[in-house]
Amino acid sequence: MSSDQHLPRLDVDRILSDPGVRIVVCCGSGGVGKTTTAAALALRAAEQHGRRTVVLTIDPARRLAQSLGLTELDNTPRPVKGVGEGSEGSLHAMMLDMKRTFDEVVLAHTDPAKAAEIFANPFYQAMSSTFSGTQEYMAMEKLGHLHAQGDWDLIVVDTPPSRSALDFLDAPARLGRFLDGKMLRLLLAPARAGGRSVFGLVTASFGVFSKVVQKVLGAQLLTDLSGFVAALDSMFGGFRQRAEQTFEILQADETAFLVVATPEPDAIREASYFARRLGEERMPLAGLVVNRVHAVKAPGLTEEASLAGAAGLDESGEQAPTADALRIHAALAALAERERVVTAGFEAEFPHVPTVAVTAQPADVHDIDGLRTIGSAISRP
């Protein structure tokens, strides 16, 4: 791809081999090969650079498990067989289990009796499974936990696709503000004041406002919420603090963000948004990976020349297969040029961001060998 000649070259092997880099975060919109890229990078780090690597996916699709030859992934890192044998490197893979991670956080920061009370609370059950932002917050919790364990040389994170871009960074702050916010502290006040019910406190203090709250939330939900925040009292402050600590890790030099895209207008537009946002948050953007790029074997043969040649052969009535080949070449040359123009938009806005183009593969990646091929393509000199 000709734009590859202008953009600084992304040296992926330098990142994967650098002992100072402990986290690689792959982000991008959906359908651009982000999960495959994350798995390929993790595999290459283990096999080519001898690093103890774990890849964490937040995408519930089963593609990562299948490509790594695993029947399933869960919240515990599972070893990938046949990787790193006889060397220092190793590869484990895991998929975020949102509720289990939330349960683990509760168990780690409260006693068993209080944890059982929290687990039985209907509001907690709903929040830990479906509350907006919980998945991304728990991803930060799990990343922070893996980082603190110190068992891994490298953690590769496959973030969920999101049109709103970088919810992985936004949602933890939102959830932290909710869990540590003034409204919940207000609801928590009666438990601290001697056990009076939240509804009783609100009724005594706010009159008409309490009726509105009850009408909007419902008396049972208000009761569940009261029990939830009362049981969670010992954990207040910890949510935001841990999210902020992980956020700081993501801003540090030990982290490398890779934006993944395809040479299509929507994907490149999202990649540009991600790059801008990472800059605003002072996150270390290591480069752009452009997947499924098309190229021609004879770049000197233009689309126009190919079509003219095919037309000439048609007129002579000879060498029909050659004419067909020229038309195929013309179509591929036109596609490659469109992709070059689309990617050039990112190049113009971010001329100093290193980029690598990965040639489109003839088939979907579904096994370890396919991941090795992708890893080699991303890392080619």
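Modeller: Let's look closely at one strand and its surroundings. This is a predicted model, where local features need pLDDT of at least 70 and side-chain atom pairs count only at pLDDT 80 or more, while totals for chains, interfaces and linings use all residues. Residues are numbered from 1 along each chain as its sequence is written, and side-chain values use heavy atoms, with hydrogens and water left out. The pLDDT (the predictor's confidence in each residue, from 0 to 100) averages 80 for the protein chain, and 75% of the residues score at least 70.

Our strand is β6, residues 255-261. Helices (H or I, at least four residues) and strands (E, at least two) are DSSP runs, numbered from the N terminus. Seven of the seven residues in β6 are buried, so the rest of the structure largely encloses this strand. Buried means under 20% relative accessible area, exposed over 50%, partly exposed in between (1.4 Å probe, protein chains only). In a regular strand, side chains alternate between the two faces of the sheet. In β6, Thr255, Phe257, Val259 and Ala261 are buried on one side, and Ala256, Leu258 and Val260 are buried on the other.

Now for the neighbours. Strands pair if DSSP finds at least two bridges between them. Strand β1 (residues 23-27) runs parallel to β6, joined by five bridges, and Cys27 sits opposite Val259. Five bridges also link β6 to β7 (residues 285-293), again parallel, with Val260 opposite Val289.

Finally, β6, helix α14 (residues 265-280) and β7 form a right-handed β-α-β unit: with the strands pointing away from the viewer, the path from the first strand over the helix to the second runs clockwise.
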